Amino acid sequence: MRISTAAFYDNASTRISDLQSAAAQKQTQIASGKRILTPADDPVAAAAALTVSQAIDVNTQFAANRGTAKDALSLQESVLSNYTTLLQNVKTLTIAAGNGALDDSQRQYMASELAGRYQELMGIANSRDSTGNYIFGGFKNTVAPFTDVAGTTATYNGDQGQRLLQVSTSRQLSINDAGSAIFQNIKSGDDSVSVTPDAGNSATGAGAISGATVTDATLLTHHNYSIDFTTTAGVTSYKVYDLSKDPGKASAPLTSANYTTNPQTIAFDGLQFTASGAPASGNKYNINPNAQSIFKTIGDLVTALNTPATGATGKAALTASLSAANNNITAALDTALNVRAAGGARLQELDTLDNEGDNRSLQYASTLSNLQDLDYAKAVSELTQNQLTLQAAQQSFVKIANLSLFNYIN
């Protein structure tokens, strides 16, 4: 077969260009350390590498979200730790205020200290994070969640929202707790009911009802009750009405008995109370399952300590107020500890997810390396082979190009 001079030059030029391109590609691969420079190098591996790269980016974002969640929960834990310390101090003062050796002026000193604790509590409840947002406002984190009302209670301006962060492919985690659940909606007394003297009680009465003890949780109804005392012919008796079923007290009482001992146990519907002192005829005590605000608890305690405990009636009222406050503070402590425990569980879960994320990151990196990283030994060997082939092609081209009759004619 006869090969024309033009075809010879074209074929040689094309082949040498291909060899030069292959050598240049190998040099680029060695310089970058990557086997796949463009999808054309290995379409299947390139597609798989893109999928793995996206998975790495998602895993990195989850790690960043977990970091944000840890910061928020750690800050909340720090604030709630201060809140717990404050409640413990208030509880200590409440117990100390029950010392019978104290006079009215000494109790007023305690009231002044408690008023300061109230303001400290307001600051804790309105704590902010590093970006200036309020921690306990729910979704309404740009407005102060609590507003003081005359130093006796507070109103809640936030909502019940819990902000969620996606911390893994299948897990969303709450990074805050609403302030209403921590500072306001606290179950009073024994975590089921609270005991308060009726506003219409006679000033001459010197009776008191202790906080409730749960004797059988299966019998609890969470109803409203009233314990009514009556004195007839020198004999004092009491009747217990279930106001949730019989608000007008038209039916027979839930239970009734004569008040013969001091103190005396009163039990009904899984609850047990201790009546003491000398209640006046017509005095009533309300048993309610209503939630109590820690602001109101401290505000009522300050009012009680500022009120002179005059005579048996005043002392009985003080005892009842201190007992109710002590029970409510205990309930607030339990609520705070439960919230802290839940936050601690979330922090622990984040640590576990971090470990899983780190392991997944290593697996992704290994997979991506297998797909696109270069085998240097193989690449250098192929580059050397390409260079030898290129040199041979160039030298043979020069020699063959000189095989022309024109060279011999000359």
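A nonpolar core here is a set of buried Ala, Val, Leu, Ile, Met, Phe, Trp, Tyr and Cys residues joined through side-chain atoms within 4.5 Å. Buried means under 20% relative accessible area, exposed over 50%, and partly exposed in between (1.4 Å probe, protein chains only). The model is predicted: local features need pLDDT of at least 70, side-chain atom pairs count only at pLDDT 80 or more, and totals for chains, interfaces and linings use all residues. Residues are numbered from 1 along each chain as its sequence is written, and side-chain values use heavy atoms, with hydrogens and water left out.

**View 1. The largest nonpolar core has 42 residues.** Tyr83, Leu121, Phe146, Phe183, Ile294, Phe295 and Leu305 have the most contacts inside this core. Two or more residues come from each of α2 (43-97), α3 (104-125), β2 (153-156), α4 (179-184), α5 (294-306) and α6 (311-372). Helix α6 gives the most, with nine residues. Helices (H or I, at least four residues) and strands (E, at least two) are DSSP runs, numbered from the N terminus. A second, separate core has 17 residues, including Tyr238, Val240, Phe273 and Ala275.

**View 2. Surroundings of phenylalanine 146.** Contact means heavy atoms within 4.5 Å. Neighbours within four places in sequence are left aside. Phenylalanine 146 then touches Met122, Ala125, Asn126, Ala154, Thr155, Tyr156, Asn157, Gly179, Ser180, Phe183, Gln184 and Phe295.

**View 3. Helices α5 and α6 cross at roughly 155°.** Their axes come within 10 Å. Axes are lines fitted to C-alpha atoms, for helices over the stretch in contact, and angles run from 0 to 180 degrees between N-to-C directions. Angles under 35 degrees count as roughly parallel, over 145 as roughly antiparallel, 65 to 115 as roughly perpendicular and the rest as oblique. The α5 and α6 pair is therefore roughly antiparallel. The crossing is left-handed, meaning that the near helix is turned anticlockwise from the far one by less than a right angle; clockwise would be right-handed. On the α5 side, Ile294, Thr297, Leu301, Ala304 and Leu305 make the contact. Helix α6 contributes Leu318, Ser321, Leu322, Ala325, Asn328, Ile329 and Ala332.

**View 4. Strand β14 (residues 284-288) pairs with β6 and with β9.** Two strands pair if DSSP finds at least two bridges between them. Four bridges join β6 (residues 194-197) to β14, and the two run antiparallel. Threonine 196 stands opposite asparagine 286 of β14. Four bridges also link β9 (residues 225-232) to β14, again antiparallel. Here aspartate 228 has lysine 284 as its bridge partner in β14. Strand β14 is mostly covered, with four of its five residues buried.

View 5. A cis peptide bond joins asparagine 262 and proline 263, with omega about 5°. Alanine 150 has a positive phi, near 60°.

**View 6. Leucine 371 of helix α6 and alanine 46.** The two are 325 residues apart in sequence. In space, their C-alpha atoms are 7.7 Å apart. Leucine 371 is buried, with a relative accessible area of 19%.
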